[in-house]
2 protein chains.
Amino acid sequence: MQIGDLSRETGVNIETIRYYERSGVLPPPARQDNGRRVYDAADVRRLGFIRHARDLGFDLQSVQTLLALQEQPQASCADASRIAQAQLDEVERRIARLQNLQLELSRMVTECRKGVVAECRVIEALSTPLS
Amino acid sequence: MQIGDLSRETGVNIETIRYYERSGVLPPPARQDNGRRVYDAADVRRLGFIRHARDLGFDLQSVQTLLALQEQPQASCADASRIAQAQLDEVERRIARLQNLQLELSRMVTECRKGVVAECRVIEALSTPLS
DNA sequence: CTTGCTCCTGTAGTCACTACAGGTTGTAGC
DNA sequence: GCTACAACCTGTAGTGACTACAGGAGCAAG
């Protein structure tokens with residue numbers, strides 16, 4: 001299985017796969033005689049894991065820790081749990097922040113009477129420091 | 001007023017102010033004989049506007065458009081309204097996405113029994129493709 | 001034997017900053 | 001006048017997680 005097949009199977013961009021290898025989150029694969037990378041089913045699983053963790057907002061550093069943990073089934077999963085909890089906290093902070101933005105933006109938009117800039121609530125709201 | 005004063009008054013990092021100038025979102029200020037930048041009250045307002053818009057998640061491109069609009073009080077504010085609406089849509093998409101993550105992460109965390117990795121729900125959830 | 005696809009390496013670009021190196025200028029104290 | 005030291009200057013590089021591209025090699029089909 002070549003890099004293109006792995007890309008198609010996981011939906012991960014070829015350049016991104018090579019980038020993951022460079023950053024150490026994917027192990028350097030075997031090579032064919034012509035120098036092309038060869039992957040197997042384990043790489044598909046590993047890349048799926050990475051993709052899923054990235055989608056959940058984990059950074060590559062955390063992904064690498066989680067992957068290392070996954071490969072030691074007898075280790076304590078306290079670290080994994082701690083990383084996930086930290087990520088959950090972060091997600092909740094982001095949600096709260098975005099909900100504030102949502103409120104402010106929707107006020108701006110609904111109060112805009114589509115007139116001229118001089119009376120525009122959007123522009124005015126941006127010009128006014130937050131109370 | 002020098003760059004350090006502007007920085008203190010707006011809370012914007014000096015390096016960031018110079019970066020805004022480089023990227024064209026702040027106009028190149030006048031210079032003293034010694035080459036130092038001089039700012040006035042209009043720059044404080046402009047930078048406050050930029051800061052506020054950035055806090056609301058507008059990218060510098062949009063900020064520049066909004067600033068240009070602000071300086072044409074007789075123009076239609078349809079553009080400003082459109083940009084704000086697009087930003088609102090984007091914020092709402094991000095909130096929805098983050099709420100999915102929150103659900104998935106909190107399931108992971110509450111189902112983790114703090115045992116070994118082999119039975120860890122966090123690791124398992126990451127290994128399992130999304131349904 | 002040419003076309004076109006996939007692959008390779010290495011480098012640079014993206015966004016919005018941030019940091020640092022190496023230099024000049026201004027100010028305050030002695 | 002001398003010495004510190006802060007504040008400023010330019011220019012460049014680093015961040016994270018990619019993405020894009022240049023320039024080349026290998027391989028299969030027509």
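Student: Is Arg31(A) buried, partly exposed or exposed?

Tutor: Arg31(A) is partly exposed, because its relative accessibility is 43%. The classes use a 1.4 Å probe and protein chains only: buried is under 20% relative accessible area, exposed is over 50%, and partly exposed is in between. This is a predicted model, where local features need pLDDT of at least 70, side-chain atom pairs count only at pLDDT 80 or more, and totals for chains, interfaces and linings use all residues. Residues are numbered from 1 along each chain as its sequence is written, chains are lettered from A in the order in which they are written, and side-chain values use heavy atoms, with hydrogens and water left out.

Student: Where is Arg31(A) found, and with which residues is Arg31(A) in contact, leaving aside neighbours within four places in sequence?

Tutor: Arg31(A) is in strand β1 (residues 30-31) of chain A. Strands (E, at least two residues) and helices (H or I, at least four) are DSSP runs, numbered from the N terminus. Contact means heavy atoms within 4.5 Å. Beyond those sequence neighbours, Arg31(A) touches Glu21(A), Arg36(A), Arg37(A) and Val38(A). A polar atom of the Arg31(A) side chain also lies 2.8 Å from the backbone oxygen of Gly35(A).

Student: How do I read a salt bridge?

Tutor: Side chains of opposite charge can pair when their charged atoms come close. The rule asks for a side-chain nitrogen of Lys or Arg within 4 Å of a carboxyl oxygen of Asp or Glu. The count is 16 salt bridges over all chains. Glu21(A), Arg31(A) and Arg37(A) are linked in a network of them.

Student: Which residue forms a salt bridge with Asp5(A)?

Tutor: Arg8(A) does, with the closest N and O atoms 3.1 Å apart. Asp5(A) is partly exposed at 31%, whereas Arg8(A) is exposed at 64%. In chain B, Asp5(B) and Arg8(B) meet in a salt bridge of 3.0 Å, N to O. Another bridge joins Glu15(A) and Arg18(A), at 3.9 Å. Both lie in helix α2 (residues 14-22) of chain A.

Student: How do I read an aromatic pair?

Tutor: A pair of aromatic rings is described by the distance of the centres and the angle of the planes. Rings of Phe, Tyr and Trp (its six-membered ring) pair if their centres lie within 6.5 Å; planes under 30 degrees apart are stacked, over 60 edge-to-face, and the rest tilted. There are 2 aromatic pairs over all chains. Tyr19(A) and Tyr20(A) form a tilted pair, 6.1 Å centre to centre with 45 degrees between the planes. Tyr19(A) is partly exposed at 39%, but Tyr20(A) is buried at 3%. Tyr19(B) and Tyr20(B) also form a tilted pair, with 6.1 Å between centres and 45 degrees between planes.

Student: How many residues of chain A are in contact with chain B, and what area do the chains bury?

Tutor: The size of an interface is often given as the accessible area lost when the parts come together. Buried area is that loss (1.4 Å probe), summed over both parts. Here 49 residues of chain A contact 49 of chain B. The chains bury about 4300 Å² between them, 75% of it on carbon and sulfur atoms. The count of salt bridges between them is 0. On the side of chain A that touches chain B, α5(A) gives the most, with 20 residues.

Methods
Buried area is the accessible area (1.4 Å probe) that two parts lose on being put together, summed over both. A polar contact is a pair of N or O atoms within 3.5 Å; within protein, one must be able to donate a hydrogen and the other to accept it, and residues adjacent in sequence count only if both atoms are side-chain atoms.
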